[in-house]
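Please keep the sequence and the coordinates open alongside the text.

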Amino acid sequence: MSPLKTQYRVDWLTGQLCDGSKESLYRESINERVRYETCLALILAASVFGMFAITDYYLLGLTREYYLLVTMCIVVVSLCLILAFVIARWGSYSHRLWLHALPLWILATGIILIVPLRPESLSTQVTAVVLATMAFYLLIPNLLRLERLQRNQFLLLHEECDQNHQLLKEITHRKSLEEQLRMVAERDELTGLNSRSHFMKRAKALLQRSRLEKMPFSVFMIDVDHFKSINDTWGHSHGDWVLTKIAEVCAHSLRPTDVIGRFGGEEFVVALPNTGPDDAQAVAERLKMKVAELPLKEEMSELSLSITIGIAIANTEEVDLEALISRADQALYVGKRDGRNRVVMCHEGQG
Ligand SMILES: Nc1nc2c(ncn2[C@@H]2O[C@H](COP(=O)(O)OP(=O)(O)OP(=O)(O)O)[C@@H](O)[C@H]2O)c(=O)[nH]1
């Protein structure tokens with residue numbers, strides 16, 4: 001039989017789970033309820049026995065037999081209450097099962113002992129024993145069935161919990177995968193800046209908002225000067241390092257509301273909402289200066305790093321980001337043509 005089947009199999013004779021660990025788990029789950037019910041049953045039994053003392057008084061009066069019965073009654077009631085206390089305090093259903101079986105054993109022993117101890121009422125006792133035996137025959141299979149049903153119900157719940165847990169794990173895993181995919185789609189791997197597509201999405205939303213609020217809007221196209229020679233002289237890894245440093249310094253020099261992205265290769269793009277020509281010029285000059293001041297690796301000491309920036313300012317009705325970027329690109333081209341390391345602005349209507 002497969003381990004899974006053994007784990008979930010209920011023994012036909014005992015009504016308990018074949019897998020010990022699952023059985024303990026089940027008992028643990030019903031521990032509190034069983035303890036409460038056993039205590040309640042013992043207290044009820046003690047109360048019923050206590051009431052016998054009253055009925056015996058009406059039947060026998062204050063006779064010797066009555067005192068004997070009352071003494072027995074006190075012993076039984078005390079035993080029931082002590083047992084109820086012990087079970088409530090220490091009667092763990094998963095570890096001290098015998099404590100819970102004790103009341104039944106005492107009852108069974110009592111019934112068996114009545115016969116030799118009270119031979120004068122033999123016929124009544126034989127009837128009682130026969131009835132008790134019949135009751136056991138009727139009760140035990142049903143009790144076993146109940147035990148089995150309860151355990152099956154527990155197993156189903158357990159299985160459902162396991163499945164839910166598994167589902168939750170899968171959902172968390174999928175969410176983290178989605179997050180990773182989103183990061184890959186939205187971030188440029190080398191610089192950590194917005195990817196081109198994500199930049200376009202964010203910049204379009206900003207441009208639209210600026211139009212609605214009738215606020216100025218600028219775009220920068222930034223290109224590293226003579227980057228090919230950096231790669232050729234110090235290798236691609238140094239070229240990559242320069243790109244990350246430029247990205248870092250630009251990102252830190254901009255306002256949180258500005259959006260910067262890597263457009264491809266050694267080209268960056270910036271969208272600046274609420275930024276008119278004067279502010280745009282000042283920001284671009286600052287970026288250019290910061291890049292020129294970047295501390296470089298020792299072996300690159302002879303490199304004079306510079307960037308060229310092309311600026312386009314959106315005209316009052318401009319909604320087309322691509323057109324704006326194209327104008328900034330043309331300004332960049334002019335900057336490159338005129339000697340690089342400069343900021344060139346493409347004014348409204350130009351291009
Ligand atoms: N290290 C590195 N190099 C790149 C990357 N992307 C593009 N490049 C290189 O960047 C160089 C760009 O060269 P060009 O387009 O000729 O421009 P440039 O040398 O910067 O010259 P100007 O722009 O005219 O000043 C090419 O050699 C590309 O291979 C990158 O992610 N890492």
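## Annotated transmembrane regions

An unreviewed UniProt entry places the feature "transmembrane region" at residues 39-60, 66-90, 97-116 and 122-144. In this predicted model, the span of residues 39-60 is 100% helix and 0% strand, and its end C-alpha atoms are 31 Å apart. Residues 66-90 are likewise 100% helix and 0% strand, with end C-alpha atoms that lie 35 Å apart.

## Confidence and overall make-up

The mean pLDDT of the protein is 87, and 89% of its residues reach 70 or more, while the model as a whole scores ipTM 0.95 and pTM 0.63. Where pLDDT is low, the predicted coordinates should not be read in detail.

The protein has 10 helices and five strands, and buried residues make up 23% of its 351 residues. When contacts between residues at least 6 apart in sequence are considered, 63% of them join residues at least 24 apart.

## Nonpolar cores

The largest nonpolar core holds 46 residues, and the members that touch the most other members are Val219, Phe220, Val269, Val270, Ile309, Ile311 and Ala328. For Ile311, leaving aside neighbours within four places in sequence, the contacts include Ser218, Phe220, Ala280, Gln281 and Ala284, and also Ala328, Ala331, Val343, Val344, Met345 and Cys346.

## Surroundings of the ligand

Which residues come closest to the ligand? Of the 16 residues that surround the ligand, the closest are Asp225, Phe227, Lys228, Gly239 and Gly265. Two or more residues of this shell come from each of strand S1 (217-224), helix H7 (227-234) and helix H8 (236-253), and H8 gives the most, with four residues. Sorted by class, the shell around the ligand has seven charged, five polar and four nonpolar residues.

Lys336 has its place in helix H10 (residues 321-337), and because 16 other C-beta atoms lie within 10 Å, Lys336 is classed as partly exposed.

## Helix residues and their spatial partners

Thr244 is found in helix H8, the element that gives the most residues to the shell around the ligand. Is Thr244 exposed, partly exposed or buried? With 14 C-beta neighbours inside 10 Å, Thr244 counts as partly exposed, since burial would need 20 or more such atoms and exposure 12 or fewer. Not counting residues up to four places away in sequence, Thr244 touches Leu190 and Thr191, and its C-alpha atom is separated by 8.3 Å from that of Gly192, 52 residues apart along the chain.

Ala323 is in helix H10 and is partly exposed, with 14 other C-beta atoms within 10 Å; the C-alpha atoms of Ala323 and Ala312, 11 residues apart along the chain, are separated by 9.6 Å. Ala282, found in helix H9 (residues 277-292), is exposed, because 12 other C-beta atoms lie within 10 Å. The C-alpha atoms of Ala282 and Val343 are separated by 9.6 Å, and these residues are 61 apart along the chain.

## Loop residues with positive phi

Most residues other than glycine have a negative phi. Against that background, His226 has a phi near 45°, a positive value in a residue other than glycine. His226 lies in the loop between S1 and H7, and with 16 C-beta neighbours inside 10 Å it counts as partly exposed.

Asn341 likewise has a positive phi, near 50°, and is not a glycine. The loop that holds Asn341 runs between H10 and strand S5 (343-346), and Asn341 counts as partly exposed, with 18 C-beta neighbours inside 10 Å.

How values were computed:
Residues numbered from 1 in each chain as written. Predicted model: local features only at pLDDT ≥ 70, side-chain atom pairs only at ≥ 80, totals over all residues. Near = placed C-beta within 6 Å. Nonpolar A, V, L, I, M, F, W, Y, C, P; charged D, E, K, R; others polar. pLDDT = per-residue confidence, 0-100. Core = buried A, V, L, I, M, F, W, Y, C linked by C-beta atoms within 7 Å. Contact = placed C-beta atoms within 7 Å. UniProt positions renumbered as here; feature names shortened; annotations may be inferred.
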